[in-house]
Amino acid sequence: MIAISEIFGPTIQGEGALTGVPTVFVRTGGCDFRCSWCDTLYAVEARFKADWTPMSAEAVLAEVERLSGGRPLLITLSGGNPALQPLGDLLSLGQARGYTFAIETQGSKAQDWFARLDHLTLSPKPPSAGMAFSQRRFDACLAAAGVNTQVTLKLVIADEADYRWARDFAARYPHLPLTLQPCNPAPATPDEPARETDLDALNARLRWLVDKVTADGWFAARVLPQLHVIIWNNERGV
Ligand SMILES: C[S@@+](CC[C@H](N)C(=O)[O-])C[C@H]1O[C@@H](n2cnc3c(N)ncnc32)[C@H](O)[C@@H]1O
Ligand SMILES: Nc1nc2[nH]cc(C(=O)O)c2c(=O)[nH]1
Ligand code: SF4
Ligand SMILES: [Mg+2]
């Protein structure tokens, strides 16, 4: 069974290389990390376990088909860490009906079914997140993706130290397409679910990041906002 926090859409992918692409999100419950600025703690912290529904692959796909009116589109697996879940059967069922699959994960856990995804977005955490990085685990994710899954790096930047870390990190993986996104410093939290972020402050961070990248001539990086935050602020399920 798959631990499901929420299934929603169709909406658009708001982050990373697939920004703007229509998609349904399947958000799993449970994470091996607890990032300081995580915007989805309701799908992370064990105290919310009772809100996560154990679902079969068939039941998850049935809900996606209901939401999409049976018209196949991109299914984005996120969480929590979806790589902790048994998602191989969901891929087989969905792909047989024409759906394509992308995953968002931090690169801490590899699964053999990564090779059957269309897109694997790896988002290793910068220093500001407060999480340890395992090179071995990250490289295992890359190896599991094989040659047929499109891998991209998505790095969140909160401050100067994160920016320097991102420069070093990306230099070790020059073959991977790279997107940078400014950290939302005021995400909604379980204790303050209606919290709104300051979009002007977020835009200032975006401008700072563009200035850094252009001043450094870092032309391999693409700088993108979280489009869903610009459109819907910290709203959940969009
Ligand atoms: C909520 S995570 C779930 C998937 C997986 N656990 C991961 O971190 O990649 C989805 C994406 O949101 C990003 N993210 C989380 N909180 C954020 C914030 N406050 N500002 C910007 N991006 C954030 C993560 O870095 C990740 O790229
Ligand atoms: N529209 C939209 N785009 C997203 N990209 C990554 C998301 C996530 O929470 O993983 C997300 C999300 O929650 N909504
Ligand atoms: S790894 Fe992803 S879901 Fe887990 S705590 Fe960090 S940002 Fe949140
Ligand atoms: Mg999100």
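C35 sits in the loop between β2 and β3, with helices (H or I, at least four residues) and strands (E, at least two) taken as DSSP runs numbered from the N terminus. This is a predicted model, where local features need pLDDT of at least 70, side-chain atom pairs count only at pLDDT 80 or more, and totals for chains, interfaces and linings use all residues. Residues are numbered from 1 along each chain as its sequence is written, while chains are lettered from A and ligands numbered from 1 in the order in which they are written.

**The cysteines of the loop**

- C35 is buried because 20 other C-beta atoms lie within 10 Å; buried means 20 or more such atoms within 10 Å of the residue's own, exposed 12 or fewer, and partly exposed in between, with C-beta atoms placed from the backbone.
- Leaving aside residues up to four places away in sequence, C35 touches K125, A129, G130 and M131, a contact being C-beta atoms, placed from the backbone, within 7 Å.
- C31 is in the loop between β2 (22-28) and β3 (53-55) too, and C31 counts as buried because it has 23 other C-beta atoms within 10 Å.
- With the sequence neighbours up to four places away again set aside, C31 touches V44, G79, G80 and N81.
- An unreviewed UniProt entry puts "binding site" at C31, C35 and C38; UniProt positions follow the numbering used here, feature names are shortened, and annotations may be inferred rather than shown by experiment.

**Around the ligands**

- Ligand 3 has C31, C35 and C38 among the residues around it, along with F33, R34, T40, V44, G79, G80, N81 and Q106; "around" here means a C-beta atom, placed from the backbone, within 6 Å.
- That shell around ligand 3 splits into 5 nonpolar, 5 polar and 1 charged, where Ala, Val, Leu, Ile, Met, Phe, Trp, Tyr, Cys and Pro count as nonpolar, Asp, Glu, Lys and Arg as charged, and the others, Gly among them, as polar.
- Around ligand 2 you'll find T11, I12, Q13, G14, E15, F25, T40, S78, E104, H228 and V238, and they divide into 3 nonpolar, 6 polar and 2 charged.

**Strand β5 and its partners**

- Strand β5 (residues 100-105) is mostly covered, with 5 of its 6 residues buried.
- On one pairing, β4 (residues 74-78) runs parallel to β5 and 4 bridges join them, strands being paired if DSSP finds at least two bridges between them; L77 has I103 as its bridge partner in β5.
- The chain gets from β4 to β5 through helix α2 (residues 88-96), in a right-handed β-α-β crossover: with the strands pointing away from the viewer, the path from the first strand over the helix to the second runs clockwise.
- β5 also runs parallel to β6 (residues 119-122), joined by 4 bridges, and E104 has T121 as its bridge partner in β6.

How values were computed
Contact = placed C-beta atoms within 7 Å.
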